[in-house]
Amino acid sequence: MSFYINKIKKPEPMTFPDVMDDGPAPIPAPVVPKTDDIKKAKTLVREQTMPSMMWQKVVLDLIEEHPEVSQFLISYLGS
């Protein structure tokens, strides 16, 4: 008899721990490079020998759009 009673009982809803109670994770503030770093990165790109002027223009436009890459370019192209 208990077997049939347990069969017709509604199962208890599964409970999951609340992982998202803390709210959204904070977004780190973007690093704002110094204007000297931007100028230095542009100069290093202009001094490089590239297969075509188009690539040089692309990298210079990238520095304009996203100045935070200037520090990477300085470390990549030389100090």
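Is Ser-70 buried or exposed? Select Ser-70: its relative accessibility is 0%, so Ser-70 counts as buried (buried means under 20% relative accessible area, exposed over 50%, partly exposed in between, with a 1.4 Å probe and protein chains only).

Before going on, note that this is a predicted model, in which local features need pLDDT of at least 70 and side-chain atom pairs count only at pLDDT 80 or more, while totals for chains, interfaces and linings use all residues. Residues are numbered from 1 along each chain as its sequence is written, and side-chain values use heavy atoms, with hydrogens and water left out.

**Whole chain**

Show the chain as a cartoon. There are 4 helices and 0 strands, in the order α-α-α-α along the sequence. Helices (H or I, at least four residues) and strands (E, at least two) are DSSP runs, numbered from the N terminus. Of the 79 residues in the chain, 18% are buried.

**Ser-70 and its surroundings**

Return to Ser-70, which lies in helix α4. Leaving out residues up to four places away in sequence, Ser-70 touches Pro-33, Asp-37, Ile-38 and Ala-41; contact means heavy atoms within 4.5 Å.

**Helix α2**

Next select residues 35-47, helix α2. At 1.5 Å a residue, its 13 residues should span 18 Å, and its end C-alpha atoms are 18 Å apart, which agrees. The expected span is 1.5 Å times one less than the number of residues.

Colour Asp-37, Ile-38, Ala-41, Lys-42, Leu-44 and Val-45, the buried residues of α2. They cover an arc of only 160 degrees around the axis, which puts them on the same side of α2; the arc is that of the directions from the helix axis to the C-beta atoms. On the other side of α2, the exposed residues are Thr-35, Asp-36, Lys-39, Arg-46 and Glu-47. The cover over the buried residues of α2 includes α3 and α4.

**Helix α3**

Move to residues 53-65, helix α3. Gln-56, Val-59, Leu-60 and Ile-63 are buried here. Their arc around the axis is only 100 degrees, which puts them on the same side of α3. Turn to the face away from this buried side to find Met-54 and Glu-65, which are exposed. The buried residues of α3 pack against α2 and α4 (70-77).

**Where α2 meets α3**

Display both helices together. Two packed helices are described by the angle between their axes and the distance between the axes. For α2 and α3 the angle is about 175 degrees and the axes are 10 Å apart. (Axes are lines fitted to C-alpha atoms, for helices over the stretch in contact, and angles run from 0 to 180 degrees between N-to-C directions.) That makes α2 roughly antiparallel to α3, a label for angles over 145 degrees; under 35 is roughly parallel, 65 to 115 roughly perpendicular and the rest oblique. From α2, Ile-38, Ala-41, Lys-42, Val-45, Arg-46 and Glu-47 meet Gln-56, Val-59, Leu-60, Ile-63 and Glu-64 of α3.

**The core**

Finally, select Ile-38, Ala-41, Leu-44, Val-45, Val-59, Leu-60, Ile-63, Leu-73 and Ile-74. These 9 residues make up the largest nonpolar core, a set of buried Ala, Val, Leu, Ile, Met, Phe, Trp, Tyr and Cys residues joined through side-chain atoms within 4.5 Å. Each of α2, α3 and α4 supplies at least two of its residues, and α2 gives the largest share, 4 residues. Centre on Leu-73: apart from neighbours within four places in sequence, Leu-73 is in contact with Ala-41, Val-45, Val-59, Ile-63 and Gly-78.
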